[in-house]
Amino acid sequence: MEIGKIYNENCLITMGKMPNEYVDFVITSPPYDDIRNYNGYKFEFEKIAKELFRITKQGGVVVWVVGDATIDGSETGTSFRQALYFKEIGFKLHDTMIYYKNNPMPQTGNRYHQHFEYMFALSKGSPKTFNPITEPTKYQGLANMKNRGQNGSLDYEKVERTTEKKVGNVFFYSVGGGISTKDKIAYSHPAIFPEKLVIDQIKTWTNENDLVYDPFMGSGTTAKVAQILNRKWIGSEISKEYVEIANTRLKEYTLNNLFILK
Ligand SMILES: C[S@@+](CC[C@H](N)C(=O)[O-])C[C@H]1O[C@@H](n2cnc3c(N)ncnc32)[C@H](O)[C@@H]1O
């Protein structure tokens, strides 16, 4: 396999060339529920899921970002079906995380605005890497008993402490033109990841030099982020047009090892 390459082919073909237990981490967003037709390409979910299980290393993680279309007045539930299928074939449903869009497309009708997609973290065994994102937590507490007060009461010193705690599993991102990425060319693709989402997930589940794979590479977001974060990467993308967009986008990040997030 060639590292640092987007294979312009069905991901089943790319995965077919990979040995068992090859990649450390997968992050991807499949074309779901025919919401967009991506030039007419279809994908075979069950075969792809099984191949993902085969090529993922023990302890590796697949982050599957997906939502449901509403068809005939009902959400399809495809996301749940897929998550349960991944379990059936051996993955653990390690964490059902939420990708919350701060500014979704407004919707009319008798439903609330659709603000989120699922990010199913599926692991092969227990995840071998977990570098949690943390946030400061500030609390005031009573600590360090100073002395016994005159009336015998215990006298504590009031302290303010700052520590770090793991963030929750709802991840908030602003999306859209100029926000998901600064790379204008990426918007020639209709459904790109916000870069920050990929940064957070790659940092969480991998270490430097790990191998990251995206079977539906689209505009190349996973490749760009992996490159910048010093992870190895491979991608598949069936559409020639999108591979060209991704390669053009990636040029400035892969040339001269310019690891700078724009
Ligand atoms: C939701 S988009 C991925 C967007 C990507 N996450 C990004 O940030 O640009 C899904 C992509 O999968 C591609 N695709 C569909 N079926 C495929 C297949 N069987 N193998 C590889 N790519 C496929 C589509 O052309 C589309 O670009």
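What share of the contacts in the protein chain with a separation of 6 or more comes from residues 24 or more positions apart? The share is 69%.

## Overview

This is a predicted model. The protein chain holds six helices and twelve strands. Of its 262 residues, 34% are buried.

## Helix 5 and its cover

Helix 5 spans residues 221–228. It is mostly covered, with eight of its eight residues buried.

Several elements provide the cover.

## Helix 5 against helix 4

Helix 4 covers residues 195–205. Its axis comes within 9 Å of the axis of helix 5, and the two cross at roughly 50°. The pair is therefore oblique. Helix 4 passes helix 5 in a right-handed crossing.

From helix 4, the contact uses Glu195, Val198, Ile199 and Ile202. From helix 5, Thr221, Thr222, Val225 and Ala226 meet them. By type, the residues of this contact are five nonpolar, two polar and one charged.

An α-helix has 3.6 residues a turn, so residues three or four places apart point the same way.

## Helix 5 against helix 6

The axes of helix 5 and helix 6 lie 9 Å apart, and the angle between the helices is about 10°. These two helices are therefore roughly parallel. Helix 5 brings Ala223, Lys224, Gln227 and Ile228 to the contact. Helix 6 brings Ala246, Arg249, Leu250, Tyr253 and Thr254. The residues of this contact divide into five nonpolar, two polar and two charged.

## Two asparagines with positive phi

Asn209 sits in the loop between helix 4 and strand 11. Its phi is positive, near 75°, although the residue is not glycine. Is Asn209 buried or exposed? Asn209 is exposed, because 9 other C-beta atoms lie within 10 Å.

Asn230 follows helix 5. Its place is in the loop between helix 5 and strand 12. The phi of Asn230 is also positive, near 65°. Asn230 counts as partly exposed because it has 13 C-beta neighbours inside 10 Å.

## His189 in its loop

His189 belongs to the loop between strand 10 (170–173) and helix 4. Why does His189 count as buried? It has 21 C-beta neighbours inside 10 Å, and a residue is buried if 20 or more other C-beta atoms lie within that distance.

Which residues does His189 contact, leaving aside its neighbours within four places in sequence? They are Gly218, Ser219, Tyr242 and Ile245. His189 and Ser219 are 30 residues apart along the chain, yet their C-alpha atoms are separated by 6.0 Å.

Some names return from earlier sections. Gly218 and Ser219 are among the contacts of His189.

Technical notes:
Residues are numbered from 1 along each chain as its sequence is written. This is a predicted model: local features need pLDDT of at least 70, side-chain atom pairs count only at pLDDT 80 or more; totals for chains, interfaces and linings use all residues. Axes are lines fitted to C-alpha atoms, for helices over the stretch in contact, and angles run from 0 to 180 degrees between N-to-C directions. Helices (H or I, at least four residues) and strands (E, at least two) are DSSP runs, numbered from the N terminus. Angles under 35 degrees count as roughly parallel, over 145 as roughly antiparallel, 65 to 115 as roughly perpendicular and the rest as oblique. A crossing is left-handed if the near helix is turned anticlockwise from the far one by less than a right angle, and right-handed if clockwise. Two residues are in contact if their C-beta atoms, placed from the backbone, lie within 7 Å. Ala, Val, Leu, Ile, Met, Phe, Trp, Tyr, Cys and Pro count as nonpolar, Asp, Glu, Lys and Arg as charged, and the others, Gly among them, as polar. A residue is buried if 20 or more other C-beta atoms lie within 10 Å of its own, exposed if 12 or fewer, and partly exposed in between; C-beta atoms are placed from the backbone.
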